[in-house]
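Subject: Structure handover and notes

Dear colleague,

I am passing on the structure below, followed by notes on what was found in it. Please read them with the structure open beside you.

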Amino acid sequence: MKLKLPAPPIPPSFKPAPKRPGEKPLGPIGSAKEAGISAVDWVDERTSLSGAARWLMFRKVPKGTNWFYTLGSATMFAFLNQAVTGVFLAMYYDPSATNAYESARYITNEAFLGEFVRGMHKWGSSVMVILVFLHMGRTFFFGAYKYPRELNWVVGAVLLVLTMLMSFTGYLLPFDQKSYWATIVGVNINGTGPLVGPYLNDFLLAGPGFGATTLSRFYAIHMLLVPGLIAALIGAHLYLVAKLGTTAPPWLKAEKNPELRKESA
Ligand code: HEM
């Protein structure tokens, strides 16, 4: 039998109190609140999106949920930081072999807040890689890869590969000595892979040798292809989290199940 759970509740602050006779007129804040509610109602009447938003946001979470469960959202916010700062960097960056280095130098030394935005993007990339590994560790050690969440683990594994691909393709973009030679080493390592290695090498080089076309290819992969895939897969990942719910911490499961308690004793 399928268990039918009641719809998630709407928090009281979202429900405007009904008007009482003789009530004083609303002040500016009250009117602004009413206007906001009417605008949301207007959109909802035409789209019925509030049901989906409630389904996604007001969920029951298992007892024992703790700070480790914030690592997935932290990874997502690190990705959003990369997306926003990346848009501003793309306004000044020139992916041509002759101008790439100079445009990166211009961003750091001359563009308004350029050093800050480039720093946020550079350090943010390391933060995202660290967070994605910590999040994967959390899901692994809490057993969240088991039935029925195997597919979400697979989606996560693809996200991990794509995150590493972002780091690899982004590293070349400043086009200085370090990024140039490090990327040559990386591409050569890819080329030694079994079966697909040489094809991958050809795809990444985008020409007979390492040069201007390689830089354009890396740039297109870095700022269009992979971020698009990551955004779509984060959507699928979150859909599965909302649909399946999160796993309870393993020590709680052991507490509930006397058999497991016996084993761990
Ligand atoms: C861009 C990378 C990623 C983002 C933005 C992301 C985001 C999230 C978020 C927001 C959650 C729900 C809250 C939480 O449990 O932390 C979650 C859950 C989950 N993630 Fe990720 N994730 C990413 C990568 C990964 C990786 C690399 C794996 C494993 C290979 C993974 C496997 C899972 C699993 C199995 C769950 C369900 C957890 C549970 O049921 O307790 N995710 N993810």
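Leaving out residues up to four places away in sequence, Phe133 touches Leu160 and Met164, where contact means heavy atoms within 4.5 Å. Phe133 belongs to helix 5, helices being DSSP runs (H or I, at least four residues) and strands likewise (E, at least two), numbered from the N terminus. With a relative accessibility of 39%, Phe133 counts as partly exposed; on this scale buried is under 20% relative accessible area, exposed is over 50% and partly exposed lies in between, for a 1.4 Å probe and protein chains only. Between the C-alpha atoms of Phe133 and Thr192, which are 59 residues apart along the chain, the separation is 26 Å.

Before going further, please keep in mind that this is a predicted model, in which local features need pLDDT of at least 70 and side-chain atom pairs count only at pLDDT 80 or more, while totals for chains, interfaces and linings use all residues. Residues are numbered from 1 along each chain as its sequence is written, and side-chain values use heavy atoms, with hydrogens and water left out.

The metal site comes next. The iron atom of the ligand is coordinated by His135 (NE2) and His237 (NE2), at 2.0 to 2.1 Å; donors are N, O and S atoms within 2.8 Å of the metal (3.2 Å for Na, K and Ca), and water is not among the atoms, so sites may look incomplete. His135 lies in helix 5 (residues 114-141) and His237 in helix 9 (residues 212-244), so the pair ties together parts that are 102 residues apart in sequence. The arrangement is octahedral because the six donor atoms around the iron atom subtend angles of 85 to 179°, the definition for six donors being that opposite donors are over 155 degrees apart and all others between 65 and 115. His135 is counted as buried at 18% relative accessibility, and His237 is counted as buried at 16%.

Turning to the core, the largest nonpolar core has 29 residues, and those with the most contacts inside it include Tyr93, Leu172, Val187 and Phe210; such a core is a set of buried Ala, Val, Leu, Ile, Met, Phe, Trp, Tyr and Cys residues joined through side-chain atoms within 4.5 Å. Helix 9 gives the most to this core, with seven residues. Leaving aside neighbours within four places in sequence, Tyr93 is in contact with Ala100, Ser103, Ile107, Leu173, Leu215 and Tyr219.

Helix 7 (residues 177-191) and helix 8 (residues 197-205) pack at an angle of about 150°, with their axes 7 Å apart; axes are lines fitted to C-alpha atoms, for helices over the stretch in contact, and angles run from 0 to 180 degrees between N-to-C directions. In this contact Val187, Asn190 and Gly191 of helix 7 meet residues of helix 8, among them Gly197, Pro198 and Leu200.

Finally, some points on the backbone. Most residues other than glycine have a negative phi, and most peptide bonds are trans. The peptide bond from Tyr147 to Pro148 is cis, with omega near 0°, and Pro148 sits in the loop between helix 5 and helix 6. Ser48, although not a glycine, has a positive phi of about 55°, and at 54% relative accessibility Ser48 counts as exposed. Phe175 also has a positive phi of about 55° without being a glycine, and this residue, placed in the loop between helix 6 and helix 7, is buried with a relative accessible area of 15%.

With best wishes

Conventions
Four donors count as tetrahedral if all angles lie between 85 and 135 degrees; four count as square planar and six as octahedral if opposite donors are over 155 degrees apart and all others between 65 and 115; anything else is irregular.
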